[in-house]
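Biologist: I am new to this structure. Could you show me how to read it, one feature after another?

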Amino acid sequence: MARNKRNLILLVLTVWLAQTGCMATEPEVNVAQLTSKPKAYVGSEECKTCHLEHYDSWKMTLHSRMMVDAKANQDAIITELDPAAIRADLEKIKDSLKLPPDQFFIPKPEEVLYTIGSQWKQRYLVEKNGMLVMAPVQFNTDTGRWVNYNEDKWDKNSWIVKCGGCHATGVDLEKGTFEPAVGCEACHGPGSWHVALPKSALFEKRETVVNPAKLTPGVAVQICGSCHNRGKATKHDKAEWPVGYMPGKALETYFKSTSYAAGDKQHLYGNEFSKAHHQQYIDWKLSKHYMEGVSCTSCHYVHQLGVSDTRLQTREAGSQQCLSCHTQLNQNLAHSIHSHANCVGCHMPRVVKSAESGDLHSHVFKPLLPKETLANSAIPNSCQTCHKHKDTDLAELQKQYDALARMPKPMGQTIGFINDVRGAQ
């Protein structure tokens, strides 16, 4: 009994000494003096000291791998930079190139400073004329082929000015500094105050960074929109990212989105749907989801504990994500076309290009009918993104849709029979 009592006393003393020891080593910080200085970026590696579980989760996302230091990690380059193989692929598309394949600059592995992307495609940052520029070749991951990228002006465009703010975090245009990757502070804001304040200053500490979950939804979603967008900066005449924007601010003060109506036929279809990548925010603004307050994080997570079983960080896989909110009450009308509840196939057609045509989904959440393509051949439709209907006559597809989009649901009759009856009338 005495021995147990002695062990208990020793345990209490050990815990007390540990606590007082930690308190004794915590530095004295003048909160008012600290917060009188401008905030600065500290980098995601600093965040992991206290937020390891969130850091580990973030490391599993595409954001953390958007930009990788190739000098620190040569494995960031996912393919061989073989000049012969690259030029052979360029030869296949030479009619669309602005330079002959033999005049392309092909970077050597040791010349690559950073890689950009890897999921759909990969590009390579090198130094030229004292600035970071994107090499004029791009590797498309799914198809394993090389294509061109701005080959006629690649060495004249400063990457950090044109693109840097959405591939890196804390970009300083004057100093040329940044953290490679879309890091913690890209969404939470500069963390120098947060890091410097002691844990004892609990309430002050938590107010020094932005928690998007605690912002009003309309402002929080603009954090995503600051990069999943395309347009021009309002505070810088050459940048194509929102220079000066900080999480929690109004995006339109710093950025003007592009549009077909304004003349951008390269990146948008005539109905204002996106045809190019990183424009999900533009699409979403056209959708009923936008009107009803369904935002990016309603469907996607930014970081979560554990390893995701979905490719694009959605909370559910495929159409199960849609069915987590939308209940399919019946299979009448247009829903009688497919009985397998493939919401994504029709409502999020693959009409957007990242590396290869149709490798990304539309985010307007609206089916594109064949009649839209019949009216304007430049606008794709949902039906022909499916392999089954890829080569089907558009007028026939629209006729079938119209027949099935009526009440009551056709029973015991094939589409051909319906068409024959209608033709006989």
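This is a predicted model: local features need pLDDT of at least 70, side-chain atom pairs count only at pLDDT 80 or more; totals for chains, interfaces and linings use all residues.

Biologist: How many helices and strands does the protein chain have?

Modeller: The protein chain has 19 helices and 10 strands. Burial is another overall reading: of its 425 residues, 36% count as buried.

Biologist: What is the accessible surface of the protein chain, and what share belongs to carbon and sulfur atoms?

Modeller: The accessible surface comes to about 25,000 Å². Carbon and sulfur atoms account for 55% of that surface. For contacts, take those between residues at least 6 apart in sequence: 53% of them join residues at least 24 apart.

Biologist: Which domain does UniProt list for residues 46–78?

Modeller: The unreviewed UniProt entry lists "domain: Cytochrome c-552/4" for that range. In the model, residues 46–78 are 30% helix and 9% strand.

Biologist: How many cavities of 30 Å³ or more does a search of the whole structure find?

Modeller: The search finds 2.

Biologist: Which residues line the largest cavity?

Modeller: The lining includes Val 133, Met 134, Tyr 149, Trp 154, Trp 159 and Cys 163. Strand 4 (131–134) and helix 6 (159–162) each give at least two residues to this lining. By class, the lining has 6 nonpolar, 3 polar and 1 charged residues.

Biologist: How does the lining of the second largest cavity divide by class?

Modeller: There the division is 3 nonpolar, 7 polar and 1 charged. Among the lining residues are His 277, His 278, His 361 and His 363, along with Asp 283 and Leu 360.

Biologist: Now a single residue. Where does His 300 lie?

Modeller: His 300 is in the loop that runs between helix 14 (296–299) and helix 15 (320–323).

Biologist: Why does His 300 count as partly exposed?

Modeller: The class follows from relative accessibility: under 20% is buried, over 50% is exposed, and partly exposed is in between. His 300 counts as partly exposed because its relative accessibility is 25%.

Biologist: Which residues does His 300 touch, leaving out those up to four places away in sequence?

Modeller: His 300 touches Leu 312, Gln 313, Thr 314, Arg 315 and His 363. Of these, Arg 315 is 15 residues from His 300 in sequence, with 5.8 Å between their C-alpha atoms. His 363 also belongs to the lining of the second largest cavity.

Key:
Residues are numbered from 1 along each chain as its sequence is written. Side-chain values use heavy atoms; hydrogens and water are left out. UniProt positions are given in the numbering used here, feature names are shortened, and annotations may be inferred rather than shown by experiment. Helices (H or I, at least four residues) and strands (E, at least two) are DSSP runs, numbered from the N terminus. Buried means under 20% relative accessible area, exposed over 50%, partly exposed in between (1.4 Å probe, protein chains only). Contact means heavy atoms within 4.5 Å. Accessible areas come from the Shrake-Rupley method with a 1.4 Å probe; for residues, only the protein chains shown count as cover. On a 1 Å grid over the protein atoms alone, a cavity is a set of points where a 1.4 Å probe fits but cannot get out, and a pocket is an open set with protein on both sides within 12 Å along at least five of seven lines; lining residues have an atom within 4 Å of a point. Grid points are joined across faces, edges and corners, and a volume is the space filled by probe spheres set on the points. Ala, Val, Leu, Ile, Met, Phe, Trp, Tyr, Cys and Pro count as nonpolar, Asp, Glu, Lys and Arg as charged, and the others, Gly among them, as polar.
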